[in-house]
Amino acid sequence: MNKLRLPETYKTTSKDTYLTVTDCGISGGEMASPKAPARIIERRSPSPEYSIVFAEKGSISAIIGETEISVPNGSIILFFPGTPRIIITDSSDSLYRYIDFKGYAIPEILERCGISDSGIYAISDSRIATDALSRMMFAKNRNGSQVRINALFLTLLSEVTASEQKKETATIHFLSGLERIRTAVTLMDAEYKNARRISEYAGMCSMSNARFTTVFEKATGKTPKKYIEDKKIDKACELLMHTAMTISGAAKSSGFEDSLYFSRVFKKRLGMTPSEFRNLPTEDIGT
């Protein structure tokens with residue numbers, strides 16, 4: 001990968017950073033060795049930064065969750081923090097550019113530009129986008145360079161806004177809700193006893209927290225929090241029915257650290273306390 005690292009002066013770990021482009025570059029089959037295979041897969045490990053890939057030419061696709069989707073030339077695809085950037089090029093003349101960026105203002109900036117979700121967005125004028133990306137790559141390390149690079153980045157995003165306003169065809173291509181959250185649901189089913197933060201599951205699906213919750217609830221009928229709690233309650237019911245484990249023990253084995261909280265959630269879900277549930281005749285338990 002032919003990759004241009006920005007000067008260290010651009011990089012900061014400050015949580016107060018408004019907007020910082022931390023890295024940018026160009027890659028694809030055209031940049032690869034002549035001996036490279038026709039199908040090239042390039043991966044960037046999950047990071048705390050956002051990433052945008054601009055498909056300049058050739059056959060380019062990306063992996064979102066477990067699904068491979070084609071990225072039309074002249075479009076960008078957004079990767080949220082915590083998700084891997086996996087790009088596949090299928091021809092020797094393919095070319096794409098990428099930008100990694102961070103800052104507390106990013107969610108608001110993306111929303112104003114009409115980019116509220118992970119997906120493929122059309123660019124109003126790809127020539128302007130290509131020019132902005134080229135200038136970002138070759139910006140020199142001098143006073144004001146960071147401001148200039150950030151401004152060029154916003155120029156790129158403005159072309160997405162212009163495209164949205166023109167209502168061009170194929171502006172956004174989204175996967176169905178269930179497909180998009182499949183990775184998160186699979187992990188929740190496996191690790192509900194020690195579930196991660198909702199923000200981590202959202203990141204895995206390349207979504208903001210709010211968008212992930214909306215898509216998740218629409219696909220499953222439950223919020224992510226309720227889905228996880230229901231998995232825990234189901235496990236607790238199984239333990240209370242089939243073992244002699246104490247109520248506090250069943251709570252802890254089901255993923256509840258606080259037995260009082262467990263009892264409140266249990267009663268709200270089933271309309272009875274864990275003790276009352278355990279004492280029910282077997283034929284009265286609808287399982």
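Here are some friendly notes on the predicted model shown above.

1. Ground rules. This is a predicted model, in which local features need pLDDT of at least 70, side-chain atom pairs count only at pLDDT 80 or more, and totals for chains, interfaces and linings use all residues. Residues are numbered from 1 along each chain as its sequence is written, and side-chain values use heavy atoms, with hydrogens and water left out.

2. The chain as a whole. You will find 10 helices and 11 strands in the protein chain; these are DSSP runs numbered from the N terminus (helices: H or I, at least four residues; strands: E, at least two). Of its 287 residues, 45% count as buried. Here buried means under 20% relative accessible area, exposed over 50%, and partly exposed in between (1.4 Å probe, protein chains only).

3. Contacts. Taking contacts (heavy atoms within 4.5 Å) with a separation of 6 or more, 74% are between residues 24 or more positions apart.

4. Helix α2. This helix covers residues 126-138, and its 13 residues should span 18 Å at 1.5 Å a residue; the end C-alpha atoms are 18 Å apart, which agrees. The expected span is 1.5 Å times one less than the number of residues. Buried in α2 are Ala 129, Ala 132, Leu 133, Met 136 and Met 137. Looking down the axis, the buried residues fall within an arc of 135°, so they line one face of the helix; the arc is that of the directions from the helix axis to the C-beta atoms. On the face turned away from the buried side sit the exposed residues Arg 127 and Phe 138.

5. Arg 85 lies in strand β8 (residues 85-89) and Asp 100 in strand β9 (residues 95-102), so the pair ties together parts 15 residues apart in sequence. Arg 85 is buried, with a relative accessible area of 3%, and Asp 100 is buried at 5%.

6. Two further pairs. Arg 196 and Glu 191 form a salt bridge whose closest N and O atoms are 2.7 Å apart; Arg 196 is partly exposed at 34% relative accessible area, while Glu 191 counts as buried at 18%. In helix α7 (residues 224-242), Glu 238 and Lys 235 lie three residues apart, about one turn of the helix, and their salt bridge has its closest N and O atoms 3.6 Å apart.

Terms used
Salt bridge = Lys/Arg side-chain N within 4 Å of Asp/Glu carboxyl O.
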